[in-house]
Each structure stands twice: as C-alpha cells, then as structure tokens.
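User: I would like a close look at a single part of this model, taken slowly and with its surroundings in view.

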Amino acid sequence: MDVIRLIASDLDATLLDDQSQLPPDFAETVRALAERGIRFAAASGRPIYTLEEMFAPLQDDIILVGDNGGAICWKGESLYLSEMDVADWHTLAGQARSAGHAAVLCGLETAYVEEQFRPYDRVFKRFYTKVEYVPHLEDVTARVDKFTIYFPEGDAQKGYDALYGPVWGGRFSVAVAGADWVDIMNPGVHKGAALLRLGERLGVLPEGMMAFGDTFNDAEMLKAAKYGFLVENGSPALREEVPFLAPPNTSSGVMQVLRRVLAQNGRVCEADFRSAK
C-alpha cells in the first residue's frame, strides 16, 4: 500500500465541469484531505492572480501552481518563479505577429494582448482576470513567466506541428494545452517539474503523489506521480503514456477518486484504480 500525501489537478476539462465550475463539494473535500495530512495543488495554465480569486476561500488549504508550473504560491508566499528572458519573449512576440496568431504575454500581475485581438476579449478573460491591450507586446516592461497563443479555430495542434513545436521546442518548454492553446515556458518548466518541486519541499516521494489531467500540458505531471490519472474525456493519445484513467470531468471524475482516497484514509494501491492501457 502507498500513502497519498500530495494531490495535484489540472482545472479546465479535468476538475472543472464543461461550464468551468468547481464541483459543489470541492471545498469540503480539500479541507477533509488537509485534515488527514494530504495537500492539494491546483495546477493550471491560468496565472496565480486568477487562481487566487478562484480559490480565495481555500487560500490556507490549497497550493497554487500557475502558468503550467511557471509560478508556485502557497498561503500567499511565492515558492517558485521562472521568469522568461526579455529577449526570448520579444522573439516569440515577433514570430506570433508574423504568423497572425493571437498571443498572450503572461505577466506576473496582468496578461497583455495586442489591440488587434481585442475581439477575443471574452475568451481571454475566462482565463486571465486582468487583461491589458497594447499596440505591440514589445512595449510591455512587466516581468513574464509564460507566453501563450490562442487558436480561435481550435487547431492548436496544427499550429504546434507547423511552427511552435519544431521551431521552438528545442529552446523552450512548448505544449499543446487543449484544442485552443499552445503554451511556451522556459526550458524544464512544466507541471511535472512543479509537482516534483513541491514533493521535495514537503518530503513526498512520487509513490505518495496523485495527479489528474486531460491533455498534453499535463503529461509530465501525470507521469511524475505514481498515481497519474487521465480523465476519460482527455486526449486519447495520452492513454498509452499514463498509468490510470478517471471518470470524465462531466461526472466529477476527480472527485470520485478523491472520495475513495478519503474513504481509505489516503492508503491506496494500483489495483484500486482503472488502468489507462
């Protein structure tokens, strides 16, 4: 038997339902986990300031992993930050503009978007509660930890395959984040690295970790934890890469697994769960 001490979950299409809502018993469950010495981390492509608003009532009970591992915060304290070099994101901004792509520059306090992409404001503000529109991204002087590209036609994989993967994959950490986004971070920055950093800080080994996700920007996290779960609605290609399968987000699949963890007081084994293979 293994004893779970650290749980991390992606949000969109994983923990959240299709209306981007948290399960009704989420707060109660997180507090019950904390009482048993099990820490919960919300691991998202969203920035820390958005996560702080989403989880304000749980600020003392939940660890926030923002920008795909680019920043980690707990109880208002910054545990980790990977700031992008200005020259690097300037290069990315020029490349995205040349390709006609809607880029979002992820500052630590605000997201920046070029004025020409204001028509997508409703989409941007779903993930970034603070958005500032500027003539050119290179005008921004703020500190940055992620650069992301929005694909309104839902063809992020095509954009990754044609440009961002082959051109920038060797220099940055580049991942498809669902149908609409490609995320770019510093080399070695991803949710899996963030989970291992938290494990080191909390004294938790991979066999005491559980993680949930739905797509490729979750892949490293699902493989870092011994108990890594792809939700059933997730990217089919990942089923061969991760250990376990959870029910879909529309059925509160993450919560179903967490209830089992609570019922067993954190003690689990591989036979308790459905294999993804």
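User: Which elements do the buried residues of α4 pack against?

Analyst: In this predicted model, the buried residues of α4 pack against β7 (102–107), β10 (144–150), α6 (156–168) and β12 (181–185). The residues concerned are Asp88, Trp89, Leu92, Ala93 and Ala96, each of them buried. Seen down the axis of α4, these buried residues fall within an arc of 135 degrees, so they line one face of the helix.

As for the helix itself, α4 covers residues 86–99, and its 14 residues should span 20 Å at 1.5 Å a residue, which agrees with the 20 Å between its end C-alpha atoms. At the start of α4, the backbone nitrogen of Ala87 has a side-chain oxygen of Asp85 within 3.0 Å, while after the helix comes Gly100, with a positive phi near 75 degrees.

The strands belong to an open sheet of six, ordered β9-β8-β7-β10-β12-β11, with mixed pairing; its edge strands, β9 (131–134) and β11 (173–176), each pair on one side only. Within this sheet, β7 and β10 run antiparallel and are joined by six bridges, and Val104 has Thr148 of β10 as its bridge partner. On this sheet α4 packs, touching β7, β8 (111–114), β10 and β12, with its direction at about 10 degrees to that of β10. The helix α6, for its part, lies across β10, β11 and β12 and runs at about 170 degrees to β11.

Methods:
Residues are numbered from 1 along each chain as its sequence is written. This is a predicted model: local features need pLDDT of at least 70, side-chain atom pairs count only at pLDDT 80 or more; totals for chains, interfaces and linings use all residues. Side-chain values use heavy atoms; hydrogens and water are left out. Helices (H or I, at least four residues) and strands (E, at least two) are DSSP runs, numbered from the N terminus. The expected span of a helix is 1.5 Å times one less than its number of residues. Buried means under 20% relative accessible area, exposed over 50%, partly exposed in between (1.4 Å probe, protein chains only). The arc is that of the directions from the helix axis to the C-beta atoms. Contact means heavy atoms within 4.5 Å. A polar contact is a pair of N or O atoms within 3.5 Å; within protein, one must be able to donate a hydrogen and the other to accept it, and residues adjacent in sequence count only if both atoms are side-chain atoms. Two strands pair if DSSP finds at least two bridges between them. Axes are lines fitted to C-alpha atoms, for helices over the stretch in contact, and angles run from 0 to 180 degrees between N-to-C directions.
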